[in-house]
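User: Can you take me through this one? I'd like the domains and then the aromatic contacts.

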Amino acid sequence: MSVSPSQSADYYLSLAVSLASEFAIDAVERDHQGGTPKLARDRLRQSGLLTLLIPREYGGSGESWITLFRIVREFAQVDSSIAHIFSYHHLGVIVPHLFGTIEQKEYYYKETIRQNWFWANALNPLDRRTAIASEGDIFRLEGKKSFCSGSWDSDILPVTAIDQETGKISVLVVPTQREGVELHADWDNMGQRQTDSGSVSFHNVAIYPREFFGSQAFPAPPFATFRACLTQLNLANIYLGIALGAFEAARRYTREQTRPWLTAGVERATEAPYLLHRYGSLWVDLEAARGLVDRATEILQDAWEEQWELTAEKRGRCAVAIAVAKVAATRVGLEVVNQMFEVMGARATSSSYGFDRYWRNLRTFTLHDPVDYKIRDLGNWIVNEKFPEPNFYS
């Protein structure tokens, strides 16, 4: 299914809601299975949503990060693994935009549309086991990367590697099916089970000049460091989506199946005072987190539109807003996925419901990077008026 660039944001959101309804049907079963969500990935390919962020001058939909993150949140409410690989596709698509030349950006935008590429993620700059070296007119990539989300059934892998000549981190892309690229089915974690976030090995892989974006150094122009802002806010939206999905699942179960405790003094669980108190408290926290995430998304979109004119001041304020949103989404998310069982009751722990997946997914994903460091960054901003230091992670 192709999507016209002239379609409105409302159209894409409606399409996402429809797809989310499809993904919800077998979400529990697929979570038990793990592995690659091939049918769901195929539906995303057919939907036209893979070109959502590509500017219209290159043939894409030219949509905003505001629209994208609303869709990511919609998917996360029913299946956070799908939200994960879908969002990291878009975080991959913009890699040439941020790190490459104008010609590289144009080429990869246009080819993504022409070939309907599904991008994955093998950047993980914390894993420094990959190295790249020049060999005549090309480069050679050697090593291994962990946490390569969406690698199976993908077309393009963005990668970071250590330049053997300079010792600096280099950014490049490589087709997933190129000779020497080996995917490992070794993702066996308790949550995000259908993200294929295992490892990838690179054995003397040829990297051509168009695929190599050069070494990265800090300090760098603010826009060149902006992918970290995008990644962090993407996480906040997924965390919030999981929390909203868990809350709605608990609410439905409570209304339809929960029984009042014997000393509650009411006939129906929906009249139990302590249960209503818990729901009210959780809703207040969810609404606060939603407001902070939405505010950060608007600030991020405004900063993105500055492109290479983005200032360090504006980038810094954006990073602060994102950190606040991420901390809030993390806290309320973990609160909801724990307390949902308190408001549903013991029978809700049956594996047939799969309610535990909300906790497993959020607990796994919130360990992406320690939230304490975000809180420390915020304290440093509040007390010392120092913005978070721009790098690959923040």
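Analyst: The domain assignment, automatic or from a database, gives domain 1 (7-113), domain 2 (128-213) and domain 3 (220-382). This is a predicted model: local features need pLDDT of at least 70, side-chain atom pairs pLDDT 80 or more, while totals for chains, interfaces and linings use all residues. Residues are numbered from 1 along each chain as its sequence is written, and side-chain values use heavy atoms, without hydrogens and water.

User: How far apart are the C-alpha centres of domain 2 and domain 3?

Analyst: They lie 31 Å apart. Five residues of domain 2 are in contact with six of domain 3 (heavy atoms within 4.5 Å).

User: What area is buried between domain 2 and domain 3?

Analyst: About 490 Å², with 62% from carbon and sulfur atoms. That is accessible area (1.4 Å probe) lost on putting the two parts together, summed over both. Met190, Gly191 and Gln192 supply 88% of what domain 2 buries against domain 3.

User: Now the rings. How many aromatic pairs in the whole structure?

Analyst: The search finds 23. Rings of Phe, Tyr and Trp (its six-membered ring) pair with centres within 6.5 Å; planes under 30 degrees apart are stacked, over 60 edge-to-face, the rest tilted. One of the pairs is Tyr253 with Phe355, edge-to-face at 5.7 Å and 85°.

User: Where do Tyr253 and Phe355 lie?

Analyst: Tyr253 is in helix H8 (227-256) and Phe355 in the loop between helices H10 (312-344) and H11 (356-365), so the pair ties together parts 102 residues apart in sequence. Helices are DSSP runs (H or I, at least four residues), numbered from the N terminus.

Key. Helices (H or I, at least four residues) and strands (E, at least two) are DSSP runs, numbered from the N terminus.
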